[in-house]
Amino acid sequence: MAKNKVRKTFLEPLGKNNPVFVQILGICSTLAVTNKLQNTMVMTLGVLFTTALSSWTISLMRNHIPSRIRMMVETMVIATFVIIVDIVLKAFYPEMWKQLGPYVGLIITNCIVMGRVEAFALQNKPMLSLVDGLASGLGYAYVLLAIAFVRELLGTGSLWGYRILGSWWTNWSIMIMPPGGFFVLAILIWIIRETIMKEASHA
Amino acid sequence: MSVQKTFYKDRIYPLLFMFLITFFCILLTAGIHLATQDRANANELSFTRKAVLDAAGITYVNTTAGIEEAYLKRVEEADGYFTTSGSDGKRFIIPLEGPGLWGTISIMVGFEEDLQTFTGVAIVSQNETPGLGARIEEPWFTDQFRGKRPPFTLVEEGTATASNEVDAITGATRTSEYFRNLANQAADAAKRIVRGE
């Protein structure tokens, strides 16, 4: 029973309750950082770290947080983890830190983090909340990486900065600009909802 | 009694709780910040030094240690600019800032002794569109200024031949124009900074 619950908690954000293509959360960063695989990877790791640890921390304190100020407490905890990510990036990966610019700091306002804390961590035990945060982060990560794969490949003919397509390839510049993010995300949501999710709801 | 209890529960406890949480969070982040500050400052310094070396056209090993070695050996710091001397004559490197399409572009420009001929250009920071305007950081773009004199004219990507022509970036016309404007101001700025004219 307990094992089932952990399994369910872990699998739901990856599939039928995915934060990006089902709940449509965290779209701002989805559109902003997905034009290069490398940046996307670092960004998703930052979000993964933040969702997992904030959920865990808030869940640890859940019986002591006065409900009137719970959002202030949540924001404070989330901001702390995000600033840790920012400081560590600045010290150890300065090039990446420069490229991501303000987006690392903006993880604080990523609805997925706050959403999982509010909807899950406040009612569940620390370990289960950690699993939920981790899974939500992963659910966010793989969708973003998929989008970044398409955008970087079509937009620059490269993947992870390495040239994949030959010189015959004409870069689709629109793909690495903001509109490209909207196109790829919308097409992805459409495909998933029309195929996989439709079958699942019939079954 | 019960009034006091609710007063504590509704007013005092939330205040104390928030105070404690804030205290611990700030303690943690401040601690990590202080622990990594030296490293972050070193990165920043190394980045500026690298830009100076690039602008002066000096080759170096691209590691923190390699940059430091080359910089300390070749570069001298003056008031608001840098100089290098070597077998190929004295060079002046000045920092320069100007508007880009989205934000400020800041660069280092290296000059030969005449303060006219470029020895190189290096980007210190920029916020141009990733994949388009941000390509001003790519070596093929910055390298093409080497040995040329302003005022520059932009031509279509891949067609620059004359000594005052530079390739614009396809899909980033505006950023290219801003960058050209910045480069065109560089010689005047250099005379102002170096000779006080």
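The model is predicted, so local features need pLDDT of at least 70 and side-chain atom pairs count only at pLDDT 80 or more, while totals for chains, interfaces and linings use all residues. Residues are numbered from 1 along each chain as its sequence is written, and side-chain values use heavy atoms, leaving out hydrogens and water.

Where the two chains meet, 23 residues of chain A and 24 residues of chain B are in contact (heavy atoms within 4.5 Å). About 2,200 Å² is buried between them, with carbon and sulfur atoms giving 76%; this is the accessible area (1.4 Å probe) that two parts lose on being put together, summed over both. In chain A, the most area is lost by A:Met76, A:Ile87 and A:Lys98, together 22% of what that side buries.

A:Lys98 turns up again in a salt bridge with B:Glu44, at 3.7 Å from N to O. The count between the chains is one such bridge, meaning a side-chain nitrogen of Lys or Arg within 4 Å of a carboxyl oxygen of Asp or Glu. A:Lys98 also lies over the face of B:Phe47, 4.5 Å from the ring centre (NZ of Lys or CZ of Arg within 6 Å of the centre and within 35 degrees of the ring normal).

As for the rings themselves, 15 aromatic pairs are counted over all chains. Rings of Phe, Tyr and Trp (its six-membered ring) pair if their centres lie within 6.5 Å; planes under 30 degrees apart are stacked, over 60 edge-to-face and the rest tilted. A:Trp169 and A:Trp172 are stacked, at 6.0 Å and 15 degrees.

Conventions
Chains are lettered from A and ligands numbered from 1 in the order in which they are written.
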